[in-house]
Amino acid sequence: MLHLLAALAAIAPAAADLTAPLPPIIPWHGASERLVAAPSDPWITPAEAHNFDATPSFAETRAWLDRLVAASPLLHLEVFGHTAQGRELYAIRAAKPGPSPKPVMLAQAGIHSGEIDGKDAGLMLLRDIALRGKNQLLDHADFIFVPVFNADGHERSSPFNRPNQRGPVNQGWRTTAQNLNLNRDYLKADTPEMKAMLGLLHKYKPALYLDLHVTDGTDYQYDITFMFPGWGGYYAHSPQIGRWLDRRYRPAVTAALASAGHIPGTYVDTVDGRDPDKGIRLNADQPRYSTGYADLARIPSVLVEAHSLKPYRQRVLGTYVLVEESLRLVGAEGAQIEAAIAADSASRPQTETLSWKTAAQPLYIIPDFKGVAHERYKSLASGGNEVRWLGRKITQRMPVFGQVADVVATLPAAWWVPVTKPEVIALLRLHGIVFETITAPRTMNLDMVRVAGPKIKAADEGHIPLAADGYVHAVRRETFPVGSLRVPSGQPLGLLAAAMLEPESQDSLLAWNFFPEILMRTEYIEGYAIAPLAERMLAANPALKREFEAKLASDPKFAADPDARLGWFYERTPYYDERFLLYPVGRELKR
């Protein structure tokens, strides 16, 4: 890492005028500073050795961990997959032998590899567990630690990757080598990295899953913020898990961080970045995200966001304290967590909220939000008002805006997935969703959905998503061939299956456009055939004639388009493709 620091020092003068100016640092000292190893310690981590100015490369991280694993019988390294560029994805398992299985805490760092605080915090904690007397943390729990999830992005390192973040000097890139954001990939699982992580989650079934990040955005006093489904009692699809997180995890971690000199708080997502006093948002997580996915998968999960404008040393130490307290709590309350998971897994909800909309009024007010003084000024560059942070602590009232249910679906007895969609079947299998594969054709009446007014959206996460004006439900007689699936909703992962297969779901496979073939028409009718047929239809059907004339009167563009007019009649003939825009996943309604 010394050669890296030297290279950065060499380019610094030339790049100085392009360095993004960050707000003033608020001075900080805390008890957690005692966690830092002495310079003479043979097990000092690379980040500690460089005074938290830099973070080790992927190879340097692996070399240090290989040496630590070799020095301790408590640690084992497990390769659980490979990146798109072929790098090994690995986890360190810290465990003591015991007579019965212990609850597992799985923490991952570097899903956005420029936000790498969790990696350096984890190295310090593993060292202290293995060699510095903290092995009692493993008396009642096992610890699985993934130091770098987005390994390819980690190696796209630069001092200019994270302009809103204070250190380290070498920061990885947000997305993978395929330019995909892993924290948008949980449900669709396009990447080899995510497929590997889902396998790790299924193997260890963690009692707690930590996703370690660093924020973007506004300035405030909090240095470690976190969030989970069920915060304050809102949005949890797994209500018993959410209750444990809110009533047991949240106060314990908050107290531990405060005792160590940190300032913990709720994750801050401003309503308006140019006017931070307007309020912050507390929204429901979609299943594309780690916490949204885990909520549907019955996995207790926490999003951890260290504050990007705090110095790297402060952020790493705060993350260490949070991870350590989380592991202690999993060991102390494993039975309670297991009971919460079991209760939610046994529940069989009849409905699911598939989409949300912004509530008109705040959910609540934080009366003593720990903010930072700021002013607004007219920017010559933007032509609008921008924020200037002043580095002075203030306390203020802060409204917290949330969401209310928009689309709520009554779940069917099951979904039917045709054998012609092997990629969808593979995803269901990857997520561990229970299904029956039929061995003989099955014909039945099903609720089928036709997409009305399909709209192609801008490219997003390797897909061209699909939106629609609406979804028209109708009961049809359908035959599903051998190899098709019946996916029952009455299963532990029924809500996850609904998020994938219900067409109105915000992150459904239909919304991600896994079914582009339904958008294509493959047969047509010529004008010389449809025009005289349409004239006969008008003469024979007065109601149709009135409907056509009303369409002409209300839509001048339609009236002036001969093809659109003939197409209107074609849609009303038996020649029209009756499967055009028909979503091929059937809904078996409950009796």
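1. A quick term before the details: two strands pair if DSSP finds at least two bridges between them. With that in hand, look at Glu78, whose bridge partner in E2 is Ala91. Keep in mind throughout that this is a predicted model.

2. Strand E1 (residues 75-82) runs antiparallel to E2, with seven bridges between the two. For anyone tracing the pairing by eye, strands of a sheet pair through backbone hydrogen bonds, either parallel or antiparallel.

3. Is strand E2 enclosed or open to the outside? Five of the seven residues of E2 (residues 88-94) are buried, so this strand is largely enclosed by the rest of the structure.

4. Next, the open sheet. Three strands make it up, in the order E8-E11-E10, and the pairing is mixed. Strand E8 (280-281) and strand E10 (351-378) are the edges, each pairing on one side only. E10 and strand E11 (residues 385-410) run antiparallel to each other over 20 bridges.

5. On the chain as a whole: the secondary structure comes to 16 helices and 17 strands. The C-alpha atoms fill a box of roughly 95 × 65 × 45 Å along the principal axes. For 591 residues a compact globule would have a radius of gyration near 25 Å, and the 28 Å of this chain agrees with that. Of the 591 residues, 53% count as buried. Among contacts with a separation of 6 or more, 79% are between residues 24 or more positions apart.

6. The accessible surface is about 25,500 Å², and 55% of it belongs to carbon and sulfur atoms. There are 63 positive and 65 negative charges, and their mean positions lie 3 Å apart.

7. Why does Leu35 count as buried? Its relative accessible area is 19%, and the cut-off for buried is under 20%. Leaving out residues up to four places away in sequence, Leu35 touches Glu48, Met124, Arg127, Lys134, Leu317, Tyr320 and Val321. Ala340, 305 residues from Leu35 in sequence, is 33 Å away, C-alpha to C-alpha.

8. Now the backbone spots I would flag. Most residues other than glycine have a negative phi, and most peptide bonds are trans. Against that background, the peptide bond from Gly167 to Pro168 is cis, with omega near -5°. Pro168 lies in the loop between helix H5 (151-154) and helix H6 (192-204).

9. Ala189 is in the loop between H5 and H6 too. Though not a glycine, Ala189 has a positive phi of about 50°. This alanine is buried, with a relative accessible area of 2%.

10. Last one: Glu461, in the loop between strand E14 (442-456) and strand E15 (466-480). Its phi is near 55°, a positive value in a residue other than glycine. Is Glu461 buried or exposed? At 16% relative accessibility, Glu461 counts as buried.

Definitions and conventions
Residues are numbered from 1 along each chain as its sequence is written. This is a predicted model: local features need pLDDT of at least 70, side-chain atom pairs count only at pLDDT 80 or more; totals for chains, interfaces and linings use all residues. Side-chain values use heavy atoms; hydrogens and water are left out. Buried means under 20% relative accessible area, exposed over 50%, partly exposed in between (1.4 Å probe, protein chains only). Contact means heavy atoms within 4.5 Å. Helices (H or I, at least four residues) and strands (E, at least two) are DSSP runs, numbered from the N terminus. The radius of gyration is taken over C-alpha atoms; the globule rule is 2.2 Å times the number of residues to the power 0.38. Accessible areas come from the Shrake-Rupley method with a 1.4 Å probe; for residues, only the protein chains shown count as cover. Lys and Arg count as positive and Asp and Glu as negative; His and the chain ends are not counted. The place of a charge is taken as NZ of Lys, CZ of Arg, CG of Asp or CD of Glu.
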